Amino acid sequence: MNIIHNDIFQFILYFATFLLIYYIIEKSTRKRLQIEKRSEAQEVNDFHKWGKKILWAIFFVSVVFFASPIENALIIMVIFSFDAYMQWRADEKEYMMTLLELTTFMTFIVIGYSFDLMI
């Protein structure tokens, strides 16, 4: 039982550290590049809105029926990439922040699995 508590504590510490690092990087990047914070649910057009809905539906079906964390992480990366591409096509600066989120997520997953910190 003590091993389980230790693993959970390590994961929570790892997750909290990544959240803090991402928060600091996001604030400084937004300030330096003068990017206004906008609502996350804002899409650039109907194709973007429906594309995200379909990709999230694929993700949830994958989570329920296929218990592969790597596949699920790849689907989330596709969602972030699609979002960034649509924002870039609409000439928004927000795509830089979406790419930063994607990079942070990929780093979180790679380090977590490399050091066996993921639950």
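Tutor: Buried means under 20% relative accessible area, exposed means over 50%, and partly exposed lies in between. Please keep in mind that the model is predicted.

Student: Why does phenylalanine 66 count as partly exposed?

Tutor: The relative accessibility of phenylalanine 66 is 48%. Phenylalanine 66 is found in the loop between helix H2 (46–65) and helix H3 (69–89).

Student: What makes the nonpolar surface patch, and what is its area?

Tutor: Val61, Val63, Val64, Phe65 and Phe66 make the patch, which covers about 520 Å².

Student: What makes H2 roughly antiparallel to H3?

Tutor: H2 and H3 pack at an angle of about 175°, and their axes are 10 Å apart. Angles over 145 degrees count as roughly antiparallel; therefore H2 is roughly antiparallel to H3.

Student: Which residues of H2 and H3 meet?

Tutor: From H2, the residues include Phe47, Leu55, Trp56, Phe59 and Val63. Among those they meet in H3 are Ile75, Ile79, Phe82 and Met86. Val63 also belongs to the nonpolar patch.

Student: How many helices and strands does the protein chain hold?

Tutor: The protein chain has four helices and zero strands, and its elements run α-α-α-α from the N terminus on. Of its 119 residues, 33% count as buried, the term for under 20% relative accessible area.

Key: Residues numbered from 1 in each chain as written. Predicted model: local features only at pLDDT ≥ 70, side-chain atom pairs only at ≥ 80, totals over all residues. Heavy atoms only, no water. Patch = residues over 30% accessible without salt bridge, like charges linked within 9 Å, V, L, I, M, F, W, Y side chains within 5 Å. Areas by Shrake-Rupley, 256 points an atom, 1.4 Å probe, with all protein chains shown as cover. Salt bridge = Lys/Arg side-chain N within 4 Å of Asp/Glu carboxyl O. Helix = DSSP H or I, 4+ residues; strand = E, 2+ residues; numbered from the N terminus. Buried < 20%, exposed > 50% of the residue type's maximum accessible area, 1.4 Å probe, protein only. Axes fitted to C-alpha atoms, helices over the stretch in contact; angles between N-to-C directions. Parallel < 35°, antiparallel > 145°, perpendicular 65-115°, else oblique. Contact = heavy atoms within 4.5 Å.
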